[in-house]
Structures are given as structure tokens and as C-alpha cells.
Amino acid sequence: MRKKALIITYYWPPAGGPGVQRWLKFVKYLPDFNIEPIVFVPKNPNYALLDETLNKEVSANLKVLKLPIKEPYKLARFFSKRKSNTISKGIISEAENQSLIEKIMLYVRGNFFIPDARKNWVSPSVKFLSDYISKENIETVITTGPPHSLHLIGMQLKDKLGVKWIADFRDPWTTIGYHKKLKLNKRSQKKHRFLESSVLNTADQVIVTSAITKHEFSKLTSKPIEVITNGFDYESVKKVDLDSKFTLAHIGSLLSKRNPEVLWKVLRDIVNENQEFSEDFQLNFAGAVSEDVTESLSKFNLSDYVNNIGYVSHKEAIIFQRKSQILLLIEIDSEETKSIIPGKLFEYMVSNRPIVAIGPKGSDVEKIIKETNTGNYFNYTDYNALKNIILAHYEAYKENTLKSSPIGLQKYSRKKLTETLSKFI
């Protein structure tokens with residue numbers, strides 16, 4: 001007889017973006033390990049990004065429970081649709097560039113909605129699920145955040161019913177980069193830390209996506225913490241031809257501080273020094289790009305080389321990855337982002353295209369790229385080394401030999417990662 005596991009998640013198809021992929025894939029493979037997943041999601045969520053193609057990946061046999069949710073982002077759109085959308089995506093302008101309406105929205109979001117804007121879904125969800133869990137004899141509940149308010153649902157269900165509860169953190173809580181931008185007062189900061197500690201010390205099992213997050217959390221709790229990274233699936237995408245141009249492509253959001261001026265300087269200098277390179281070179285961006293990044297590109301005279309595609313479906317993103325000459329992976333240069341491992345890294349790794357990654361020194365991304373031989377990692381001060389690798393890749397491009405030579409990728413397959421997860425259920 002299969003064991004039942006209730007997964008409580010906010011992001012579910014047709015939600016787009018990286019937040020949906022992790023549990024969409026876990027749910028896909030859990031039945032292979034004798035576990036029946038049951039998914040609980042909002043009935044009327046406010047998704048900043050939509051990808052209708054992901055609906056095709058949801059099994060017709062999967063039981064999906066839905067409950068209405070009241071969200072303040074819908075009200076915020078009344079005042080500023082553009083700002084509410086960008087804030088919900090995590091794209092927050094630098095303080096000196098924020099308008100009055102953005103400052104007000106950030107203060108309200110940070111101090112009146114703790115831990116986040118979905119807090120009002122907690123009580124009705126606990127009430128609804130309490131009856132269902134008892135009726136269906138469900139022994140294991142899994143919550144995944146952000147939004148971290150969903151962990152409060154798991155904590156209350158454990159307290160009320162005594163179920164086994166696994167808390168999955170796709171991102172950290174109080175140490176994630178945008179947390180500092182929420183204009184939190186001291187009382188709000190204290191409440192966040194209290195809730196974070198309560199969740200970590202109440203859950204039976206904590207799951208995180210990076211070794212650095214595990215290290216951070218281990219200072220707050222003695223409960224068992226397991227690292228299960230994101231991964232790649234074997235996508236059925238037709239073979240595509242490589243771009244004829246020497247393309248450097250970034251798939252995903254480029255936030256305000258995800259703005260590697262060292263790379264823009266390298267590219268500007270090579271363009272100025274090498275006429276042939278300037279004719280072959282192109283920057284492709286698939287995803288939201290902040291105004292700060294756009295302004296930097298203009299400052300370095302790169303605007304004419306930019307092809308800003310905008311948001312694309314997950315399947316289209318896979319195609320872009322496989323046809324690009326080089327894949328860019330950019331992370332904010334800060335202590336807080338060392339633990340962030342973007343889900344796209346693992347898809348990049350199986351695309352057979354070399355990765356050029358820029359981020360903080362000593363990050364988990366740096367370790368994975370080196371371990372799998374899938375590219376090169378640079379810090380924000382590595383001008384000479386970065387310039388040399390771009391030129392080396394360009395020479396390989398001209399000789400039609402540019403590719404990556406990955407090793408040891410199998411452990412990052414979604415099915416293998418789900419097998420690890422199944423052992424904790």
C-alpha cells in the first residue's frame with residue numbers, strides 16, 4: 001500500500017518561473033517510490049508569471065486540492081500595477097531610485113504582512129486540511145517556501161494532529177537578499193526571527209537546497225537538516241541548431257544588484273578592440289531585466305548588442321539554453337547570496353553549453369560548477385580572468401569547437417533527487 005504525502009505549495013501550474021519546478025518534478029516521480037502525493041494549492045493565486053505549458057506536466061491521476069486565498073497584491077495593483085508585479089517577482093529598485101509609492105508598498109509588505117503577503121491563507125488552510133488529513137489517514141505533511149507563511153500551516157497541523165512534518169526551504173528566510181529591502185522595523189525583524197526559529201525547531205525534518213543554508217540553519221536548530229538541491233529533468237525538446245552569432249544568454253530575472261559591471265566592461269573593451277568580435281557578438285536576455293541593469297548596459301555602450309526577449313515558457317527557455325553559445329549565470333555579490341543555487345544551473349549543466357558564472361566568492365554554485373566541469377566561475381573583481389575566458393570561448397566558437405564536457409551529472413537528475421526525498425517520507 002502506498003504511503004500518502006500531502007504537499008502544501010503556493011506555486012503550481014500555471015505559475016511560471018523557477019518556484020514551481022521543484023515540486024512539480026518531485027510530485028512527478030514520487031509514485032515511482034511507492035508514495036502517493038496529494039497537492040494543496042490556492043484556488044485563485046496571484047502569479048506574477050504564467051506558463052500554461054506546465055499544465056501538461058501534471059498527471060491526470062494527481063489529486064490537487066484547492067482553497068481560495070485573499071492576496072494584498074491584487075489591491076496593490078490598484079495603486080501601481082507595474083511596481084506590485086516587480087516587487088512580487090523580487091525585483092526591487094535600489095533605495096536611491098525608489099519612488100514614494102514603491103517605498104510605501106515595501107514598508108507595508110514588510111511590516112504588516114509577516115512573514116509574507118500570503119499570511120491570511122494560513123488559518124483557513126489549517127481548518128480545511130485538518131478534516132481532510134484525518135479522513136484520508138495522511139501521516140506526512142510537506143510545506144515548501146517561500147512564501148514561508150506556508151510553513152506556519154505545517155507547524156499548526158503538526159501541533160493539532162501530530163502528523164510528521166517536513167519543511168522544505170527553496171530559499172533562506174531572514175538571510176535572503178531582498179529581506180533587508182523590506183524596510184522592517186525592529187519589532188518586525190524580531191517577529192521574523194521568532195517565526196523562523198519556531199519553524200526550524202518544530203519540523204521533524206528540514207530540507208534545504210544548499211550546503212551553506214544547512215550551515216546557517218544548523219546554528220538555529222538541532223533538528224535534522226538535509227540538502228536536496230534542485231536538478232534537471234530529461235526534457236523532450238527537439239534538437240536545435242546553435243546560434244550563428246556569438247551569443248551570451250541569460251535566462252531568468254536580472255535583479256537590480258544582479259548587475260555584473262565587470263562583465264559589461266569586459267564586453268565593451270573586447271568590442272572596442274576587436275572588430276570581428278563586435279560583428280559576431282550578441283547578448284540575449286530571456287526574463288525580466290531591471291532598469292538598473294538596462295542603464296548599466298547603456299553606460300557601457302552595449303545597448304545595441306542586447307536582444308531582450310522577455311519572459312518565455314519553460315520549454316522555450318530550454319531551447320534558448322541549448323542553442324546559445326555561452327550561458328550566463330549571474331548572482332548578487334553578497335554574503336547572503338552564497339547559498340543561492342538557481343534552479344536553471346542544473347538545466348544549464350545538461351545543455352552542453354559552457355557556463356560563465358559571476359557571483360560571490362565561496363558560493364555553492366562555484367563548487368558545483370567546478371565539480372561538474374560545466375564552466376567557469378568568477379568574482380566581481382576578476383576582470384582579466386573573465387576577459388581571457390570570453391576571448392578563449394570566442395576562438396573556439398570561430399573554430400566550431402565550443403562546448404562543455406560535464407562529469408558526474410546523474411546525481412542531480414530529478415528522479416535521483418526524488419529517491420532521496422522519498423526516504424524521509
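Begin with the lining of the largest cavity, whose residues divide into nine nonpolar, three polar and one charged (Ala, Val, Leu, Ile, Met, Phe, Trp, Tyr, Cys and Pro count as nonpolar, Asp, Glu, Lys and Arg as charged, and the others, Gly among them, as polar). This is a predicted model, in which local features need pLDDT of at least 70 and side-chain atom pairs count only at pLDDT 80 or more, while totals for chains, interfaces and linings use all residues. Residues are numbered from 1 along each chain as its sequence is written, and side-chain values use heavy atoms, with hydrogens and water left out.

**The cavities**

The structure holds three cavities of 30 Å³ or more, a cavity being a set of points on a 1 Å grid over the protein atoms alone where a 1.4 Å probe fits but cannot get out, and its lining residues having an atom within 4 Å of a point. About 70 Å³ of space lies in the largest cavity, where a volume is the space filled by probe spheres set on the points, and grid points are joined across faces, edges and corners. Select Leu329, Glu331, Ile358, Val365 and Tyr377, which of the 13 lining residues are the closest to the centre of the largest cavity. Then colour β11 (326-330) and β12 (355-358), the elements that give two or more residues to this lining; strands (E, at least two residues) and helices (H or I, at least four) are DSSP runs, numbered from the N terminus.

**Two helix pairs**

Now show helix α5 (residues 122-136) and helix α6 (residues 149-161), which pack at an angle of about 45° with their axes 9 Å apart; axes are lines fitted to C-alpha atoms, for helices over the stretch in contact, and angles run from 0 to 180 degrees between N-to-C directions. The two helices α5 and α6 are therefore oblique to each other (angles under 35 degrees count as roughly parallel, over 145 as roughly antiparallel, 65 to 115 as roughly perpendicular and the rest as oblique).

Finish with helix α1 (residues 21-29) and helix α16 (residues 414-424), packed at an angle of about 75° with their axes 9 Å apart, which makes α1 roughly perpendicular to α16.

Methods:
1 Å grid on protein atoms, 1.4 Å probe; cavity = no way out; pocket = protein on both sides within 12 Å on 5 of 7 lines; lining within 4 Å.
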